[in-house]
Amino acid sequence: MFTGARIRLLAVTCAALFMAMLDNLVLGVALPSIQQSFEASMSDLQWFMNAYTLAFAILLIPFSMVGERFGRKKMFLVGVVLFTLGSALSGLSENAISLILSRALQGIGGAAIVPLSLTLVNGAFPENMRAAALGIWSGISGLGLSVGPLVGGLIVEGAPWQLIFWINVPVGMLAFALGMFWLQESKGERKPIDIPGILLLGAGLFGIIYGLENGNDKGWGSALVIGSIAGGLLLLALFYLLQRNKPHPFVRFSLFRRGSYAAYIFTGFWMNAGIFGAIFLLTLFLQQGQQYSALEAGVRTMAWTGCTMLTAPLAGFAVGRFGNRALLATGLLFQGVALIGFSVLVVTFGVDFPFGYQAPFMMLAGTGMGLSFTPLAHGVLSSVPDASSGEASGISNATRELGGVFGIAIGGLIFQSGDAIRSASDFGDHIVPALLTSAGMIALGLVSVLLFTRSRAAKGANIAPVQPAGEAS
C-alpha cells in the first residue's frame, strides 16, 4: 500500500521533478520581455533556452552514475541545491551573460534531479506498486513540461519576468529540507569514476546537441553545424570503443543486448522526437497562425496537458493488467493519429477554424502521452537489475532529451523549407508536412515496441525494493 513514508518520498521527489521539467519550456513566452530588458540579440535568446537544455542533457548520465556510487539521496539533494541556486541567480541576472550562466547551473541541477528522482521512486516501492508510483512520477514529469508555456504566459502578463525563476526558490528550499528527513539513502553498483569516459561522453553529446540546435539558424550545410555533429559522433564512437573493453565500464553497453531494454530506449527517443517537435510547432500555430496571445494559447493547450496529467497516473495502475507493451503501443498510436488528424484539419480549413475542431485531437494526443510515459519508464527499469537502475534511468532520460532536441530541429527544418512564410495562411501550408514528419517519427517508436518488446511487463526479477526511512520491515 501507499504508506505515509512512501507518500512523503513521492511528494519530495515529484516537487523537485516538476521544477526541473517546468524550466525546460517555461521561459519561451518570456523571451520578448527579457530581450527588451537586456537589449539581447537573437543569439542571446537562443542561449537562454539552450544553456539549460545542453547542461541538462549532457550531465544526465554522469549524475546517474555518480548517484549510484556515492548515494542517490545525496546527489538528488545536491541537484535540488544547484537548481534552486541557479533559479535565484537567474532572477537576479542583470545582463545576458549572467542569465545564460545561471540557466546552465539550473540545467546541471536538473540533470541530477530527474534520473535520481526516478531511481528513488523505483527503489522505494515493491513490484506490485511500482507501476502505480511511476505513473504518478510520469504524470508530474509530463505536466511540468506541458504547463511551462501556460505558467510563463500567466506570469509575464501580470508580473516581471524574473518571477518565472523566483517561484522555484521556495519550492526548492522546501524540497531540500524535507528530503533530508524523508528520503532514505540507497546506492547501486560502486563502479570506479571514469573521468575520461565522462568527458568523452559529455563532449560527444554536446557536439551533437549543439549542432542540432543551431542547424536552422546557422544552416545545415554550414561548417559549424556539420563539424559539431560529426565531431560529436566521432567522440561517442571513441567512447564506445574505450568502454567496450573495460572491466568496469562507465556505461555497460551489454545492457543493450536485452532486447526489451534497447527497444524501450529507442522508442523513448522517437516518441520524444515526434511529440515535442509537434508541440513546439503547434504552440507557434496557435499564436502566429491563429493569432492567439501567449496566455490564450497556453490556456488552450490545457486540452492537451490536462489529459496527460489525468491519464499518466491511471496508466500506472493499468500496467499490471495490460503490460507495458500494450499501453505504450496504444499511447503512441493515439499520438500519431492526433497529429495526422490535426494535419487534415489544416489541409481542409486552412488556419481559420474554431478551437472546438482541434480540441479533440489535442485531447487524444494528451491521452496518448499520458498512456506512454509510465510504461516507458517502467519498461526500462523492469528490463535491468536493480543495481543498474540508475544507469538505465540516466541513459533513458538522456536519449529522450536528445530525441526532443532532434525532433524540434527536424520539425523546424521541414517547417522552414520552401517559400518564405508571409501570412497566417502560409503558416498552415508549412506546418502540415512538419506534423506528418513528427507522426512518422512516432510510428518508428511504435514499430520498435511491437517488434522488439515482450507482450507483458517484466516482473522485476533481480529488482529489490528499498524501504523509505521510517517504514517497518
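Analyst: Helices here are DSSP runs of H or I with at least four residues, numbered from the N terminus. The model under discussion is predicted.

User: Which residue follows α9?

Analyst: Helix α9 covers residues 195-218. The residue that follows has a positive phi, near 100°. That residue is Gly 219.

User: What distance does α9 reach from its first C-alpha to its last?

Analyst: Helix α9 has 24 residues, for which 34 Å is expected at 1.5 Å a residue. The helix also bends by about 30° at Leu 212.

User: Are α9 and α15 roughly parallel or antiparallel to each other?

Analyst: Helix α15 spans residues 389-416, and its axis lies 8 Å from that of α9. The two pack at an angle of about 20°. Angles under 35 degrees count as roughly parallel. The relation of α9 and α15 is therefore roughly parallel.

User: How many charged residues does the contact of α9 with α15 have?

Analyst: On the α9 side, the contact is made by Ile 208, Ile 209, Leu 212, Glu 213 and Asn 216. The α15 side includes Leu 402, Phe 406 and Gln 416. By class, the contact has 9 nonpolar and 3 polar residues, and the number of charged residues is 1.

User: Are α9 and α10 roughly parallel or antiparallel to each other?

Analyst: The axes of α9 and α10 (residues 223-244) come within 7 Å and cross at roughly 155°. Angles over 145 degrees count as roughly antiparallel. The relation of α9 and α10 is therefore roughly antiparallel.

Notes. Residues are numbered from 1 along each chain as its sequence is written. This is a predicted model: local features need pLDDT of at least 70, side-chain atom pairs count only at pLDDT 80 or more; totals for chains, interfaces and linings use all residues. Side-chain values use heavy atoms; hydrogens and water are left out. The expected span of a helix is 1.5 Å times one less than its number of residues. The bend at a residue is the angle between axes fitted to the seven residues ending there and the seven starting there. Axes are lines fitted to C-alpha atoms, for helices over the stretch in contact, and angles run from 0 to 180 degrees between N-to-C directions. Angles under 35 degrees count as roughly parallel, over 145 as roughly antiparallel, 65 to 115 as roughly perpendicular and the rest as oblique. Contact means heavy atoms within 4.5 Å. Ala, Val, Leu, Ile, Met, Phe, Trp, Tyr, Cys and Pro count as nonpolar, Asp, Glu, Lys and Arg as charged, and the others, Gly among them, as polar.
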